[in-house]
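Here is a short briefing on one protein model. Read it with the sequence and the coordinates open.

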Amino acid sequence: MLTLKSNQNMLTISMEDILLLLSKYYDILLVSILVISITALYLSKGAKNEKNCIPGSLGIPFVGETFALLSATNSVKGCYEFVRLRREWHGKWFKTRIFGKIHVFVPSVEGAKAIFTNDFALFNKGYVKSMADAVGKKSLLCVPQESHKRIRRLLSDPFSMNSLSKFVQRFDKMLYERLKKVQKEGKSFTVLDFNMKITFDAMCDMLMSIKDSSLLEQIEKDCTAISDAMLSFPVMIPGTRYFKGIKARGRLMETFKGMITARRNGKEYYEDFLQSMLEKDSCPANQMLDDEEIMDNLLTLIIAGQTTTAAAMMWSVKFLDEHRGAQNRLREEQLSILRSKPNGALLTMDDLNSMSYASKVVKETLRMSNVLLWFPRVALNDCSIEGFEIKKGWHANIDATCIHYDPTVYKDPMQFNPSRFDEIQKPYSYIPFGSGPRTCLGINMAKVTMLVFLHRLTTGYKWTVDDPDRSLERKAHIPRLRSGCPITLTALQDE
């Protein structure tokens, strides 16, 4: 007999009772023992190889540190806080496990060069599942090498110099009118919301000639839900960001299908990107996009063109407000360009090419804001970078934020200083758009959009930031101020 005493009560359990319990729950106990043993062996093996491996913590199989990343994303410090803490714990190079995959964060110019120059050969693009599910398997962001070159070539037309020249004038006109409207209202407005709306409208106009306000509102609502789902736990549970995003994606694909059908049936015709894609229907397969490729990449271009550029424009307002010397110098340059043009004339590409200091403001804004925090790649084979072993299938994340904030690369990296770009930067030290064959397709569009914005803002107005809080927006996959940077405009002629 086995006797257990508890306070004043006496509990007696016979050996027969114990054997009965063991036999009843034998399978559960066996599985539990196996799981504990395998986990202990796994952790022990990791500890033994630690001296020969990249430092870091992989956590338990599959889950790893996923919840820590999601927790950081849900905080006002942003998802990069996850990276910053682990670099503080483990060193500049570290590894972790996110969404079931091992990720290595590559913090150096040399590491960036090694990966970017070997895109397709030793590395391929890598994204977490939720991001790939959101934009679609035929998005330029997710397709394999054999499809990437073809799709990139066919998507390049909106970003040609001829197309950009037209875009600049349309965007300049739209921006001039909307800034004038909000200034006349005399109220504080949120720069991020203003920029998100105007860049979204401009992209939809360029890609699909959409001007109907109700349709724009519907598409923007769905795109926002999809964007919110890009860094979430990929499980279809009602009410979650992932669930809402995937449902929104389904609705948006149906909207795009309807537009494509209407154009093929001759009910609609516009001279835009979508029409140029549909006119290739009779071309050989390697000279056209199928409908799924068209729709996935329409979505990709809208989200990429809206969220990152709008955030960078917001940060430029914040940085210039905090550095009045740079703001005044920028305004002088832009007023000089404005005075050289006929009254009411729109900007041209020649005007933008003459914006020497403004271009440096754009560069410094992109360096400091890091709207693309890191660039994910997947190792196609075992390889070594700077003596660190990276296994086949591991994700190697080129940490642009770490490189841009590295004091050995940039003097006083946390100081906003556009004049640092008076000097030529070391190759692969400035990578806000990535590098190599997968360099961001919209690199020139982002630059001209920001230049037009800075021109109209500084030549027409001065502004005050109404909320200096630097806390970041929760659940965003790119760094954006939680406040959205609210400002009040004052027309220059009113001073």
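In this predicted model, helix α5 spans residues 109-116, and V109, G111, A112, I115 and F116 are buried there. Seen down the axis of α5, these buried residues fall within an arc of 160°, so they line one face of the helix. Their packing partners are β5 (101-106), β6 (123-125), β8 (375-379), β9 (383-385), β11 (395-398) and α17.

**A buried arginine**
- R438 sits in the loop between α17 (400-404) and α18 (443-460).
- R438 is buried but has no salt bridge.
- D119 is the nearest side chain of opposite charge, at 4.5 Å.
- The R438 side chain does make a polar contact of 3.4 Å with the side chain of H148.
- Leaving aside residues up to four places away in sequence, R438 touches D119, F120, N124, K125, L140, V143, H148, R152 and R377.

**Salt bridges**
- The count comes to 34 salt bridges.
- D406 and K92 pair through their side chains at 3.3 Å, N to O. This pair links distant parts of the chain, 314 residues apart: D406 is in the loop between α17 and α18, and K92 is in the loop between α4 (80-90) and β4 (94-98).
- D406 is buried, with a relative accessible area of 10%, whereas K92 is partly exposed at 42%.
- E293 and R150 form a salt bridge at 2.6 Å, N to O. E293 belongs to helix α13 (residues 291-322) and R150 to helix α7 (residues 145-155), 143 residues apart. Both E293 and R150 are buried.
- D351 and K341 form a salt bridge at 2.6 Å, N to O. D351 lies in helix α15 (residues 349-353) and K341 in the loop between α14 (324-339) and α15, so the pair ties together parts that are ten residues apart in sequence. Both D351 and K341 are buried.

**Confidence**
- Mean pLDDT is 88 for the protein, and 89% of its residues reach 70 or more.
- Where pLDDT is low, the predicted coordinates should not be read in detail.

Note on methods: Residues numbered from 1 in each chain as written. Predicted model: local features only at pLDDT ≥ 70, side-chain atom pairs only at ≥ 80, totals over all residues. Heavy atoms only, no water. Helix = DSSP H or I, 4+ residues; strand = E, 2+ residues; numbered from the N terminus. Buried < 20%, exposed > 50% of the residue type's maximum accessible area, 1.4 Å probe, protein only. Lys, Arg positive; Asp, Glu negative; His and termini not counted. Salt bridge = Lys/Arg side-chain N within 4 Å of Asp/Glu carboxyl O. Polar contact = N/O pair within 3.5 Å; in protein donor to acceptor, adjacent residues only side chain to side chain. Contact = heavy atoms within 4.5 Å. Arc of directions from axis to C-beta. pLDDT = per-residue confidence, 0-100.
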